[in-house]
Amino acid sequence: EGVRAPLRELEFERGRLAAVLFTIPDLIWLKDAQGVYLSCNAAFERFFGAKESEVVGKTDFDFVDAALAASFRQHDQAAMQADKPVANEEWLTFKTNGYRGLFETTKMAMRDAQGKIVGVLGVARDITERERSRERLLTSASVFTHAREGIMITDAEGTITDVNASFTRITGYTRDEVLGHNPRILNSGRQGNDFYSAMWQSVREMGFWSGEIWNRRKSGELYLEQLTVNAVQIG
């Protein structure tokens with residue numbers, strides 16, 4: 001019983017570790033120094049379209065085309081030669097369902113008790129949506145910067161947080177001159193409190209307001225503009 005108890009505890013810990021690896025959405029795998037698979041989790045099985053038992057003992061050349069397999073091997077060798085984790089981005093296509101996504105892959109050398117390199121641990125995380133979000137942000141930033149219309153962004157308290165180049169051209173105010181201020185600096189005095197109350201009531205209830213308004217440039221000149229105010233909900 002004194003021998004069996006530690007063995008049962010070890011088996012329990014192994015089962016718990018296996019359960020954790022099974023549920024992690026990231027692809028996780030182990031290879032020996034020659035690139036032969038020692039283990040992989042369920043997410044990785046979906047990538048190769050094969051069970052772990054079918055993957056173990058084989059190499060990348062058994063599952064993907066030679067060019068991709070050679071790329072995997074090159075990154076394995078780079079990880080074994082480095083003293084730190086090595087990361088790269090790569091497009092992967094899953095054999096199970098044909099899904100294609102951009103993955104951030106991190107590989108690190110595994111060492112034995114004597115410090116000798118015995119293989120590579122790999123973890124690949126799907127960053128497709130993150131990359132798409134980044135591209136959308138870049139597109140939005142480009143539209144903001146190059147729009148012919150003047151654009152002003154404020155926080156929930158009405159403090160100006162950003163303006164584009166067209167805003168500067170139209171109003172005469174530089175970006176630094178308006179940041180941290182309230183849009184009231186453009187107030188022409190031609191619209192009364194009832195006008196602005198109705199405007200902000202529309203923004204609160206409908207999410208936007210659009211109409212003509214008289215504003216004042218930095219020079220003091222009054223000008224008529226077509227203004228659209230949109231409320232932005234975050235989260």
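This is a predicted model: local features need pLDDT of at least 70, side-chain atom pairs count only at pLDDT 80 or more; totals for chains, interfaces and linings use all residues.
**Ground rules.** I number residues from 1 along each chain as its sequence is written, and I leave hydrogens and water out, with side-chain values resting on heavy atoms.

**Overview.** I looked up the secondary structure and found eight helices and nine strands, taken as DSSP runs numbered from the N terminus (helices H or I, at least four residues; strands E, at least two). Of the 235 residues in the protein, 29% are buried, where buried means under 20% relative accessible area, exposed over 50% and partly exposed in between, with a 1.4 Å probe and protein chains only.

**Helix H8.** I checked the length of H8 (residues 193-206): its 14 residues should span 20 Å at 1.5 Å a residue, and the end C-alpha atoms, 20 Å apart, agree with that; the expected span is 1.5 Å times one less than the number of residues. Tyr 196, Met 199, Ser 202 and Val 203 are buried in H8. They lie on the same side of H8, because the arc they cover around the axis is only 120 degrees, judged by the directions from the helix axis to the C-beta atoms. The buried residues of H8 pack against strands S8 (208-216) and S9 (222-230), whereas the face turned away from the buried side carries the exposed Asn 193, Asp 194, Arg 204 and Glu 205. After H8 comes Gly 207, with a positive phi near 90 degrees.

**Largest nonpolar core.** I next listed the largest nonpolar core, which has 18 residues; such a core joins buried Ala, Val, Leu, Ile, Met, Phe, Trp, Tyr and Cys residues through side-chain atoms within 4.5 Å. H2 gives the most to this core, with four residues. Val 64, among the residues with the most contacts inside the core, is in contact (heavy atoms within 4.5 Å) with Phe 47, Phe 48, Ala 69, Phe 72 and Lys 95, leaving aside neighbours within four places in sequence.

**Largest pocket.** I found about 1600 Å³ of space in the largest pocket, a volume filled by probe spheres set on grid points joined across faces, edges and corners. A pocket is an open set of points on a 1 Å grid over the protein atoms alone, where a 1.4 Å probe fits, with protein on both sides within 12 Å along at least five of seven lines, and lining residues have an atom within 4 Å of a point. Of its 40 lining residues, the closest to the centre are Met 152, Thr 154, Trp 200, Thr 228 and Val 229. S9 supplies the largest share of the lining, eight residues.
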